[in-house]
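Notebook open, pencil out. Here is what I looked up today.

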Amino acid sequence: MKNRGVIRKISIIVLMIVMWEFCGLYQLAYALKDTSKIQKRERSDAGAAVKPEQALSELDDLLADMDEEVDSDRREELKKALKQKRETLVDIDRAIREEFSETEKLLKFKGLSSEIIDRHYDFVKSYEGKYKELIENIETIRKSGDRDGERRGIKEAREFLGRHAKPVRHQALDPDKLPHRSAQPINKMPRLTKEEYLAGNRENNEGGVPASSVEQSAGVSDNKSKTKIDPPTESDLSETIEIQFTDAIRAKAEELEKKPHLIYNWVRNHIEFVPTYGSIQGADMCLQTKKCNAMDTSSLLISLLRYSGIHARYVFGTIELPIEKVMNWAGGFTDAVAAIEFLAMGGIPVSLLRDAGGKIVSAQFEHTWVEAYIRYFPFRGAQHITGKGNKWVKMDGSFKEFLYTEPVIDIESAVPFDAEALVNRLLDSATINEEEGYMTGVDTQLLEQSMDDYIAAVEEYLNENDPDAGVEEIAGKKEIIKKEFPYLPGTLPYKVIVTGERSAEIPHGLRHSIAFKLVKDIYEEINEDYMYITKSLPEIAGKKITLSYSPATEADVNLINSFIPEPHADGSPIDISELPDTLPAYLINVIPELRIASEVVSTGNSVNLGENESFTMIFNGPNMAASTTISQLLGGEYFAIALNTGSISGQEVKDLKQKLEQNKEKINNDDLAGLLKDDIIGDLLYATALSYYVELDKINYFQAKQNGIVSTRLPSEAKFFTKLNVKYIFGTPLTASEDGLAIDVARNLIVVSAINGDKEEEIQYLLNSGIHSSALEHSVPEKMFSTTGKIIEGVSAVKSIQIANDEGIPIYFIDSSNIDTLLPKLEVDQNIAVDIQNAINAGKAAIVPKTNINLNNWTGCGYIIIDLDTGNGAYLLSGGLNGGWLLIVTGLLLLTIASLSAVSVLTLATLALIYIGIGICFLSSVDEYELAALTFVVIARLTALTIWFAGVTGGVSLVFGVVLSHTAYVLDSPLCTPEG
């Protein structure tokens, strides 16, 4: 708790200032002449004055002005300005040609291959042709004798500049698919006949209606079928995509003595039901998370049975349950319609049934259970003899009843918190202009002090009254009502309406999947020549996914290795300061590689270092429309993708921590056998993305408890990646340097429902969950890469807004009523203004500071797009990033594209030791899924504050809620002090 505010109160160690200003090539080349040590370059005044892309952008603006109709005096001014621009371009060209000459000498001096030298020649030739064409266009304009000729010249020049413009790295927002959102109920009724199942209809019903409004007359089951006495097959013992006999599965089956009734009892009594639909996790991940839907729970049960030599299979059908049991099973609902909608939002085909008086009495929905072929007579599952089964026995490990208990300690009564008084004091401290729709200057120090005082009061109360109090005492408890059967019941605990299909394996159409697509340009798209691969979620759940780049040829390997400093003669380690700040992007070709669990599963086409590509992930699931996330990336950046398939298991975090520890020990012992760059940098990036979801799911859990909400997660993703700062000439990458680290959470999809059906509670929960998710996008990376001796600072949307508040920058709340007045007042990037305009047109609202903020070397804007009718939102930074940005001295530039030779990995791995140490330290603070009870109390009080105020006046009050939420946000984990 003592860490709060420390990030803002101490100095920041930031990433090296980018040196390249078109004098960099020669300076970098000169540094490489010293083969014993790469010297650090300093930016020269001459280089700082030469900015080719800026000059070209200013030229385009000037030509746009010249295309307008103006008076003769103004036209003469513009012509003089054009002459000056031409002279500037001539000066730039002279400097560039000198640098090209020096680079050519260096490449030959280093003995690099003719392939690299030819690339240099080709690039120089291309540059010279483009420069000549531009100068000719300018001369055409200047020498034109009439207005029509001048306009033709302007048109040609602007078209040239458009073709060769620097790529705009801004991902446009789709306001109808906000990244942080709750799923909508599906429009599909459950299948009620065997024929419907046998038809294999896995698509959404056309013209369906919301599940909550589907009603039938209550009646008896039409199911007349008996369990078929058909012999089992070898496939009923086989491994599948979902069913893998992992070490954990084997150990659990052995622990349960391979007895059917013990296996069934354990699964029933230990796996919490999650109301989603389709195969998502598979057996092993279900065992890890212990929170699974019916299909994944069936996979776990079948996996344990099959490993034990017991034939088992899936059964897909439609069942009916009394509404009271549905409400309990789905999450402790008090409102029947809310419980049914919750199932429908998870993708389950479901319908309500009413009695003659209109009262809801039950629900029918599609479900999955298990049949096992065992020796039922005479042992009834208490014992089993492999190969001696005599009956298919039904069993369902997912259905159970839960006991919900209220908190034992009433903190609200024991330690009262006067939220209204504090809010009024904070309001008095702020500058609020309701008429113009903005506020700023909230006294965040007052809030911090108030929260510190409250924490101290709670600590004192707990120490005096219940020092061992935990989360369950304060938040309440949900537990499975356990039943220990001495034998298998042999029947299902509900009415089966229809038994549709039996299968040894889950049909492909019932699996969730992700397609990965990487495209460079329109030509690859047209020719369908790009990276594309589809994986089912059970295949990849819980596995590290990375997208990185490796040298394309041996010539690229040698070129990259030439930038790596030689080992010191005295054996001392290479220092980060000895690495180059930039790499010549135009000389380096790299190949994209998609890895799953460090194994390459797909590759793409060769690109230049720094070249722009589009990375798309396409999510598909049964009963759900396909949805996509798109990221703009640059060749050479390193992406780690963490999938959250419902829950992040504590075991997954512990395994990752153990792997980092093993890698650290290997590097310390110079044991590089089998050690790849994905083990060094990939694991660090992945650990950060994974930790984001661990922390967010904790926060969501406690906040849901406070708000009377039931919430679960649908497949979501977070990407944490290295960023490159690329310098361009005529739209082509020239050099690349480090630009920090970033997180992008483009799909944060949850299912949310209030247990009492109150839609306003759901909206408030989603708004607060979104604010916390944004805060985590800077605070988790900060904790991951900071030590007590080196504090790293990041930025996110809510942090940017809070900084704007502290600096007195007006923070606007914009909606359809004031956009025409407020949008012109914004002094932000035009792409942000377009995002806001599109969002308002789609019925959303925006929170945005009037101007950019400056945080160390980062200049930009954080802004929020929200749907006030649902609570869904996007928490964005300049560039369209739905996440956060971390400026950090890394030394990771070469690591991300290093060749895999032992020498280079050893040299670079020594530089990563400190970050591996920090990662181990940080994972130690997140590998337990439960938070301290006191942290829950703080978050609960914070939530109460935000909900209370956000409901007072709407609009500007929501800005206030954002500022409060970020300022009081706490991540109760210490800064790391890694060894080594």
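These entries go through a strand, a helix and the nonpolar cores.

**Ground rules.** I am working with a predicted model, where local features need pLDDT of at least 70 and side-chain atom pairs count only at pLDDT 80 or more, while totals for chains, interfaces and linings use all residues. Residues are numbered from 1 along each chain as its sequence is written, and side-chain values use heavy atoms, with hydrogens and water left out.

**Strand S26.** I began with S26, residues 732–754. Helices (H or I, at least four residues) and strands (E, at least two) are DSSP runs, numbered from the N terminus.

Next I went through its partners; two strands pair if DSSP finds at least two bridges between them.

- S25 (residues 716–729) runs antiparallel to S26, with 11 bridges; here Lys 727 stands opposite Thr 735.
- S24 (residues 709–713) is also antiparallel to S26, with 5 bridges, and Ser 711 has Val 752 as its bridge partner.
- S34 (residues 883–886) pairs with S26 over 4 bridges in the antiparallel sense, and Ile 743 is partnered by Gly 884.
- S17 (residues 582–584) makes 3 antiparallel bridges to S26, with Pro 584 opposite Thr 735.

**Helix H14.** How many residues of H14 are buried? I got 9 of the 10 in residues 336–345, so this helix is largely enclosed by the rest of the structure. The buried ones include Glu 341, Phe 342 and Met 345. At the start of H14, a side-chain oxygen of Asp 335 comes within 3.3 Å of the backbone nitrogen of Val 337. After H14 comes Gly 347, with a positive phi near 100°.

**Cores.** A nonpolar core is a set of buried Ala, Val, Leu, Ile, Met, Phe, Trp, Tyr and Cys residues joined through side-chain atoms within 4.5 Å. The largest has 121 residues, and Leu 89 and Phe 516 are among those touching the most other members. Helix H6 (residues 114–143) gives this core its largest share, 10 residues. Apart from it I found another core, of 74 residues, including Val 267 and Ala 339.

Methods
Buried means under 20% relative accessible area, exposed over 50%, partly exposed in between (1.4 Å probe, protein chains only). A polar contact is a pair of N or O atoms within 3.5 Å; within protein, one must be able to donate a hydrogen and the other to accept it, and residues adjacent in sequence count only if both atoms are side-chain atoms.
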